[in-house]
Structure formats: structure tokens, C-alpha cells
Amino acid sequence: ISVLASHRARSAADLGALAGAVSYQEGGGAAAACSRAGEMVARNAAQLVTCEVDDEGAVLVTVAAPVTGPGRLVGSLGWPGVGTPMAKARSRAGPSP
């Protein structure tokens, strides 16, 4: 199950970075790029953790996807201080450095 969450996080990060880069290249600015990245990440069942546009115009995102299903035993037990386990991924899209 955690492997599926890892794949979902990587896919969401890649798609979010690509969507943000397209928005930025179309003249939308950094705020619009990160907003678009966040929309795409959410559509792929993940959460946008960070988003930035670097000096070259590349969009860098970090996302988190929840580990869910029968393999998520620790978080489902409701132990104090233990939240839902998250798979994280980073991606970059835009002009080459």
C-alpha cells in the first residue's frame, strides 16, 4: 500500500510541476504557477507541500500523498501523536538549468 502512495506522490509531483511550468511560461507569474500546480496535485489525491519558481523559470514542487488502505495500521490505530503516514515526492519542470 505504501508503494502505491509513493507512486501517487511522484505522479502528482510530476504533473503539478508540469502544470505550474506551463502556467508560468504562459505569463501567469509565480503565484499563478503554484496555484495551478496545487490544483493538479489535488486532482491526483495529494497535497501540495511547497512550490517555488526558480530564477530560470522552473517550477519546483514537493507533495505528500496519504498512505491509505489495509496496510496503514499505525495511523488507523489512533495512537496519540501518530497521524496519517504520508509519502512525499519532489519534482521540477521548466527550462533546463
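A residue is called buried when its relative accessible area is under 20%, exposed when it is over 50%, and partly exposed in between (1.4 Å probe, protein chains only). The model on display is predicted, so local features need pLDDT of at least 70 and side-chain atom pairs count only at pLDDT 80 or more, while totals for chains, interfaces and linings use all residues. Residues are numbered from 1 along each chain as its sequence is written, and side-chain values use heavy atoms, with hydrogens and water left out.

**The whole chain**

Begin with the whole protein chain in a cartoon view. Its secondary structure comes to three helices and three strands. Helices (H or I, at least four residues) and strands (E, at least two) are DSSP runs, numbered from the N terminus. Followed from the N terminus, the elements run α-α-β-β-α-β. Of the 97 residues, 33% count as buried. A contact means heavy atoms within 4.5 Å. Among contacts with a separation of 6 or more, 54% are between residues 24 or more positions apart.

**Helix 2**

Select residues 29-43 next. The expected span of a helix is 1.5 Å times one less than its number of residues. For the 15 residues of helix 2 this gives 21 Å, and the end C-alpha atoms are 21 Å apart, which agrees.

Which residues of helix 2 are buried? They are Ala-33, Cys-34, Ala-37, Met-40 and Val-41. Seen down the axis of helix 2, these buried residues fall within an arc of 125 degrees, so they line one face of the helix; the arc is that of the directions from the helix axis to the C-beta atoms. On the other side of helix 2, Ala-31 and Arg-43 are exposed.

Now centre the view on Ala-37, which is in helix 2. At 0% relative accessibility, Ala-37 counts as buried. Apart from residues up to four places away in sequence, Ala-37 touches Gly-16, Gly-20, Cys-51 and Val-61. The C-alpha atoms of Ala-37 and Gly-20 are separated by 4.6 Å, although the two residues are 17 residues apart along the chain.

Move to Ser-23, in helix 1. Ser-23 is buried, with a relative accessible area of 14%. Not counting residues up to four places away in sequence, Ser-23 touches Gly-28, Ala-32, Ala-33 and Arg-36.

**The disulfide**

Show the side chains of Cys-34 and Cys-51. A disulfide is a pair of cysteine sulfur atoms within 2.5 Å. The structure holds one disulfide, which joins Cys-34 to Cys-51 with an S to S distance of 2.1 Å. The pair links distant parts of the chain, with Cys-34 in helix 2 and Cys-51 in strand 1, 17 residues apart. The torsion about the S-S bond is about -85 degrees, so the disulfide is left-handed.

Select Ala-45, in the loop between helix 2 and strand 1. Although Ala-45 is not a glycine, it has a positive phi of about 60 degrees. Ala-45 is partly exposed, with a relative accessible area of 46%.

**The nonpolar core**

In soluble globular proteins, nonpolar side chains tend to be buried together. A nonpolar core is a set of buried Ala, Val, Leu, Ile, Met, Phe, Trp, Tyr and Cys residues joined through side-chain atoms within 4.5 Å. The largest such core here has 18 residues, and those with the most contacts inside it are Ala-9, Val-61 and Val-63. Helix 1, helix 2, strand 2 and strand 3 (86-93) each supply at least two residues of this core. The largest share, six residues, comes from helix 1.

Select Val-61. Leaving aside its neighbours within four places in sequence, Val-61 is in contact with residues including Ala-13, Ala-17, Ala-37, Leu-48, Cys-51 and Ser-91.

**Ser-91**

End the tour at Ser-91, which is found in strand 3. Ser-91 is buried, with a relative accessible area of 12%. What does the side chain of Ser-91 make a polar contact with? The partner is the side chain of Asp-14, at 2.7 Å. A polar contact is a pair of N or O atoms within 3.5 Å; within protein, one must be able to donate a hydrogen and the other to accept it, and residues adjacent in sequence count only if both atoms are side-chain atoms. Beyond its neighbours within four places in sequence, Ser-91 is in contact with Ala-13, Asp-14, Ala-17, Val-59, Leu-60 and Val-61.
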